[in-house]
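Please walk me through how the chains of this model are held together. I would like to start with contacts inside a chain and then move to the contacts between chains.

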Number of protein chains: 4
Amino acid sequence: MTANPPHSLAAQYSAVRAQTLALAAPLSEADCQVQSMPDASPVKWHLAHTTWFFETFVLAPHLRGHQPFDAAFRVLFNSYYNGIGAQHPRTQRGLVTRPDLATVRAYRRAVDAQMADLLGSTLAPGVAELVQLGLQHEQQHQELVLTDLLHLLSCNPLAPVYLPWAAAPAPAAAAPGWVDQAGGLVAIGDAGAGFAFDNERPRHQQHLRPYALASRPVGQGDWADFIADGAYAEPRWWMSAGWDWVRSQQITAPLHWRRGGSAGSGSGNTAGWQQFSLHGLQPLQADAPVCHISWFEADAYARWHAAQHPGSPPTRLPTEAEWEHAAQAVAPQALAGGNFLESGALQPLPASGGGLQQLLGDVWEWTASPYTAYPGYRPWAGAVGEYNGKFMVNQMVLRGGSCATPRSHIRSSYRNFFPTDARWQFSGVRLARDAG
Amino acid sequence: MTANPPHSLAAQYSAVRAQTLALAAPLSEADCQVQSMPDASPVKWHLAHTTWFFETFVLAPHLRGHQPFDAAFRVLFNSYYNGIGAQHPRTQRGLVTRPDLATVRAYRRAVDAQMADLLGSTLAPGVAELVQLGLQHEQQHQELVLTDLLHLLSCNPLAPVYLPWAAAPAPAAAAPGWVDQAGGLVAIGDAGAGFAFDNERPRHQQHLRPYALASRPVGQGDWADFIADGAYAEPRWWMSAGWDWVRSQQITAPLHWRRGGSAGSGSGNTAGWQQFSLHGLQPLQADAPVCHISWFEADAYARWHAAQHPGSPPTRLPTEAEWEHAAQAVAPQALAGGNFLESGALQPLPASGGGLQQLLGDVWEWTASPYTAYPGYRPWAGAVGEYNGKFMVNQMVLRGGSCATPRSHIRSSYRNFFPTDARWQFSGVRLARDAG
Amino acid sequence: MTANPPHSLAAQYSAVRAQTLALAAPLSEADCQVQSMPDASPVKWHLAHTTWFFETFVLAPHLRGHQPFDAAFRVLFNSYYNGIGAQHPRTQRGLVTRPDLATVRAYRRAVDAQMADLLGSTLAPGVAELVQLGLQHEQQHQELVLTDLLHLLSCNPLAPVYLPWAAAPAPAAAAPGWVDQAGGLVAIGDAGAGFAFDNERPRHQQHLRPYALASRPVGQGDWADFIADGAYAEPRWWMSAGWDWVRSQQITAPLHWRRGGSAGSGSGNTAGWQQFSLHGLQPLQADAPVCHISWFEADAYARWHAAQHPGSPPTRLPTEAEWEHAAQAVAPQALAGGNFLESGALQPLPASGGGLQQLLGDVWEWTASPYTAYPGYRPWAGAVGEYNGKFMVNQMVLRGGSCATPRSHIRSSYRNFFPTDARWQFSGVRLARDAG
Amino acid sequence: MTANPPHSLAAQYSAVRAQTLALAAPLSEADCQVQSMPDASPVKWHLAHTTWFFETFVLAPHLRGHQPFDAAFRVLFNSYYNGIGAQHPRTQRGLVTRPDLATVRAYRRAVDAQMADLLGSTLAPGVAELVQLGLQHEQQHQELVLTDLLHLLSCNPLAPVYLPWAAAPAPAAAAPGWVDQAGGLVAIGDAGAGFAFDNERPRHQQHLRPYALASRPVGQGDWADFIADGAYAEPRWWMSAGWDWVRSQQITAPLHWRRGGSAGSGSGNTAGWQQFSLHGLQPLQADAPVCHISWFEADAYARWHAAQHPGSPPTRLPTEAEWEHAAQAVAPQALAGGNFLESGALQPLPASGGGLQQLLGDVWEWTASPYTAYPGYRPWAGAVGEYNGKFMVNQMVLRGGSCATPRSHIRSSYRNFFPTDARWQFSGVRLARDAG
């Protein structure tokens, strides 16, 4: 794998498409078939849907003489584009055992061949942008392949392994600290240097009060302390809806944490815990970012943390503007040193170094910001206008990418979004506070 | 009823408490007993809980020698204050037939007598503020008494009447228009002139682009046109979650709208519709604001409206900052001329006059803003800190008060909030758009 | 109250109708309004529906010049007769606060006056039978008034009292034993001596092997032993569906049993338990029949009991034919000495005497028999044919009446029926076994 | 495939085990993986669980030196035997992608090899009976492999084919008629000639009134008439619980019937319908038995049929005693001529010949009898005692086997059972009536 995306669109296309197949390579047909919950999709579906995206939005309108691989796929692999037509119900994606995996691979090859033809020709205006969108779309699904697979494997009592992995010895982590930011009238949103989704636009001004960001995300050791203090049984740390969620779902730890590791596998409060990962069951790593937490948990942690430090400004989640403003300054280093899909770790790693660390990669960071339209937002024209805009309600913004995000896919203006109870992504949290 | 609040705290207390009883006066014990859905509460519960608020937060800590009326009420009538202790489950409020209504009235009298003693003495620091909070709290419940009752009566196939009412002839309404606002770096939030909830603070700066607000809320005639155009069957107007809601709940009109009025009861698309109100079934009024719509419907209407006016800047919901900035300038007139609880109409009325009309009163106006903490927000200390802060997620802000809001309760910085599918409040919508 | 039904139909009518009002007399309008679960109905609804039955099935077709009290009631108070037309949804009976209780009482008086006119005249063929059916129907609802009310009051954390009651000192109970029955080809079903429901007909033959019935129902002390042995946590005593029910509903004791009585309130395993009753919270009575158990619990108890007595024929539930055949011989004494509604105890009482005791009254006894049609069964003609036949699936038969059944309502051929998880009736269990 | 079971136990074992693999042979790993609803199981699970049965109940206790293939399988492939220990949750069987299909096949081979060793030795008392039980168990799962697969494929909008099949021309069917039975005191239950489940015992007497059985099951043409008469919209044909089911589930036809066949594919009311089968979409066959109906539908049909023939004794479902008594006389011919798994039709076929036809094979026939214990029933000792007894509640008996039942598996005393709303089995109905 390479961290540097190839330069020609055709080469980028080949590289991204190959990456998807590489992720599926270790999996059986059964692994690729199953949908473990309504929010997740089968790997086979991801393989097909990303192909459908190119066929539907690029080939059908722009390749002369295009014939669909199978006319039934237009409905079968449509995710949510009402502008394209009907959709096979999302919750029933795992029931489609035919076409089989070999047919879906053939579908990929057929579309790839036609895309090669198209990309070898002179593109009409706007087509390159659609292809670029398709590649960004496929990269998003690469991350989902891993998180959906992790969820599926976590449902298996035998705790199976996707890929074995030997952790490198972690360097000594610097003590976490606070990095002050001056605030003021700042600009956020896409600055126009490369691809951006419509939801990152337009760049606009926001007024920020002085604030500070934690130098790194909350760690697994921090979280074990939070649990040991009884935090999942104490309503005052929680939003009302979060407390309802904790009780009705009987939440007592991050998703994939399990009691029962040997006492020797950690120290302090991390002892006695294991976490299920793409490498199977593993001990906690105190200095690595906690992940697979919901917004409710991130928010509760901040309130609990504030109560542990009564003399300091109360900790809270950063707004997305605060996060992005700080990230603009350090993005190049964060990108170069970050733990992304390409590292092969497939899990967050301990921090090292100084300053604002791990802003990009490792874990998506929940923010205090609901996912809404920027002032002056306009969705893309046509059916691709359904890509982002229609989801701008009842979700919270996450920033920064994760260990499952391709490096070439992330940037400081990137906005991810999930509901407040979602946990199956590599989601963590970085604290903020008002300037002291 | 009187529009001018009395000046002494004791007199204010008496007036507000009497107002609550006046609302319940036309009701039977059965009417006061029933909880028609989990979101609503019985009138008897409202009568008791508002009393519990004074007993728990004012009398218990601040009246020497205070004895509780009934020790069991501390749990029974606690709404959601974990800082006070356990709560009778919200969904089971309607099952408590004992204490009966007479006992709850006696509870009110006993607490009122003790409050009179307390208010006749010299108050310790902070007590007056708690009493004021209790009165604001009771006024909120006055509105809920009416909306919860409306919901209960709407479940009765006999369409019963709370109070008969004869509509005055509506003056000719001015044609709706747009009122431009310059935007820039503006201040919103409580300016400190009187009571405000913690969620209105601190006053802070926001940067607004130039925008315009509609001169009045969307009318019932407008909404009938929206329906006639098939809007509830067309996904492209709706948020994804909104469209799921429309289909799963089979939504086809505002809550309380019913097909079947005589053709003569309206003109154009309002013909053939009736709406259930606190005065029973009534014809639509084309020029009166639509109400009992969800945020999903308000948002969809704005998108549909934009598509009907392709040459103009697309319409959308205003942000709460846009709304408040505009309201600051016209609040005194809006307050003086508004249709509030005291008018006795108990339903929105047709617009009249020019400029920004009906900003206060008639219907709560959904905004584009999720309900979140203002920068620098600090909840009140103690158990009353649970009043607002713990609900700042997955809800949207509404502004301006309604025909069921006491006039002395509303102000331009006031933030109401409900989930995106809530419809049983007097909720409507005013359009906004970017400056052309 | 009187144990001997009056002889004239008019006198019977007056007596039964007065009994219903007497049951409601201690209740407030709120008590009469609320529906505490979908299976239960408000007392006000019972008052109205029993009246509707006479109006719909007797007055409307048979009283010349009959005018309905309120035409809307035909739908509003129809329970489940599709032959009559539409029905207000069962789950929303508690939401109908108008008509109020006074109006429902007036409805009763108006129908009673018309019934008096009709019953003072010469009745057309079949009308007396319909009136008799209406009275039997009303007696069924008298029992439901009490069981539905008990459920409602049990939802109130204040444990309110319907009627105070002082238990008489219980005579020493005879030790329970077994009463042998020869079996053979026996006849069961209505023998034609008086009123019977269609489901008791036709009388027919069944072949029974020799068997024995326990001399009295399982007692509360027995049940406390069952619990103390961990029976609610041990799957081998339970039907598969019963075990699912125990776990999903977290069942650990009969309905209305509560931990927390003082240690002095019982002896052995009954200590530390209380039961909620129409007289409020009370200690257990070891020798009184356990009640408010489901069929699943009755069946599990029999299997547990068998395992405690490995040398004897395994205990089981009796079939309804076994029960009825045994009851035919002892019905007159059982009727004379039984604990019915008229005793005022409103709860099962300890056994006394010898032989087959408590067959009638005290508690309904679950049988091993699913509720099905007797061979040759024909439902009544017309809409009253919906009374019983359409419920003959997925329910189990109970026999013998309870402490809430009017004495004149019960007989040895009487078939009651409820689903296997129903517990809010006065339902208990008597063991049976094959002859040794 | 062969209709005559081999005689030695080892040969029987080999034949039955091979039959299971043959059924799975046309399927992909994905087809074998998916669980399409909680009631169904993946084919891979069936392959493993039937193997687990032999390993757990035969090899573990009776093969010296037995080592489990994988200790984790004891829990993973336990269906419902609490006596064996914990079980992987039924609803999550489809989530177990590891072990993969190849491992499950290896598991089968390993157990088969050990079984061959055991069966080649002298068996301890009772072992042959356990092996026989394991084979009967596996034959039950052979039928479930087909019905669960049919359900899975029916969820695929592409209507895939399990096996292609060319229907032979159907001989002209004799007109259906009635076959009288004298009744009286008859004996039913296992007569001891060969294997029987515990639920078929003991043979015992039942008293039957004279009755008649229809000469063949209700046909698809009959059912199309039932639908055309509006039967799914008319409450009077339905049990109360059945009517609730029809409305809440929006039932309008047998499972797998679909509107939309070409008008030429049938005549009369069968035109315009297709049915999904293991051979894909097919036209209806008027003279073939209807299948995939629930007990509710079977029962409603009988009531509707009675109303179409007012001069005749009303039709109804037969009791299981009526069915078995009639079947005892004709079982040999019915077995010889029946349409079973071995025919390869995998769907019911049109009737031919005279007298009582199709009693065995084609479709399971719903009866009027709830599934309960026979008088004197004793479950088998040990964990296999959970096989049948704990399911004897809230289910109805079906008789006769189907086109998916192995011929060597069925007999006249055989009792199948399913809940009243189950439809994914090959379930049909034969009418009965009292003697005229």
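D:Arg17 and D:Asp112 form a salt bridge through their side chains, with N and O 2.7 Å apart; a salt bridge here is a side-chain nitrogen of Lys or Arg within 4 Å of a carboxyl oxygen of Asp or Glu. The pair links distant parts of the chain, as D:Arg17 sits in helix H1 (residues 9-24) of chain D and D:Asp112 in helix H5 (residues 101-119) of chain D, 95 residues apart. Helices (H or I, at least four residues) and strands (E, at least two) are DSSP runs, numbered from the N terminus. D:Arg17 is buried, at 3% relative accessible area, whereas D:Asp112 is partly exposed, at 22%. Buried stands for under 20% relative accessible area, exposed for over 50%, and partly exposed for what lies in between (1.4 Å probe, protein chains only).

The model is predicted: local features need pLDDT of at least 70 and side-chain atom pairs count only at pLDDT 80 or more, while totals for chains, interfaces and linings use all residues. Residues are numbered from 1 along each chain as its sequence is written, chains are lettered from A and ligands numbered from 1 in the order in which they are written, and side-chain values use heavy atoms, with hydrogens and water left out.

In chain A, a network of salt bridges links A:Arg17, A:Arg108, A:Asp112 and A:Glu138. Over all chains the count of salt bridges comes to 76. One of them joins the side chains of C:Arg216 and C:Asp287, at 3.5 Å from N to O. These two residues come from distant parts of the chain, 71 residues apart: C:Arg216 is in the loop between strand E4 (211-214) and helix H7 (220-228) of chain C, and C:Asp287 is in the loop between strand E7 (280-283) and helix H9 (295-308) of chain C. C:Arg216 counts as buried because its relative accessibility is 11%. C:Asp287, with a relative accessible area of 37%, is partly exposed.

A salt bridge within one helix is found in chain D. The side chains of D:Asp244 and D:Arg247 meet at 3.6 Å, N to O. They are separated by about one helical turn, because they lie three residues apart in helix H8 (residues 240-249) of chain D. D:Asp244 is partly exposed, with a relative accessible area of 41%, and D:Arg247 is exposed, with 52%.

How many residues of chain B are in contact with chain C? The number is 27, and they meet 27 residues of chain C, where contact means heavy atoms within 4.5 Å. The two chains bury about 2100 Å² between them, 63% of it on carbon and sulfur atoms; buried area is the accessible area (1.4 Å probe) that two parts lose on being put together, summed over both.

Two salt bridges cross the interface of chain B and chain C. C:Asp31 makes a salt bridge with B:Arg98, the closest N and O atoms lying 3.0 Å apart.

On the side of chain B that touches chain C, helix H2 (29-33) and helix H6 (127-154) of chain B each supply at least two residues. H2(B) gives the most, with four residues. The residues of this side divide into 15 nonpolar, nine polar and three charged. Ala, Val, Leu, Ile, Met, Phe, Trp, Tyr, Cys and Pro count as nonpolar, Asp, Glu, Lys and Arg as charged, and the others, Gly among them, as polar.

How are chain B and chain C related? A rotation of 180° with 0.0 Å of shift along its axis superposes chain B on chain C, with an RMSD of 0.0 Å. The two copies are therefore related as by a two-fold rotation axis. In chain B, the C-alpha of B:Ala30 is nearest the axis, 2.5 Å from it. The same surface serves both copies, and 100% of the contact residues of chain B recur in chain C. Superposition is by least squares on the C-alpha atoms of residues with pLDDT of at least 70 in both copies.

Chain A can likewise be laid on chain D, by a turn of 180° and a shift of 0.0 Å along the axis, with an RMSD of 0.0 Å. A:Ala30 is the residue of chain A that comes closest to the rotation axis, at 2.5 Å (C-alpha). Chain A and chain C do not touch, their nearest C-alpha atoms being 14 Å apart.
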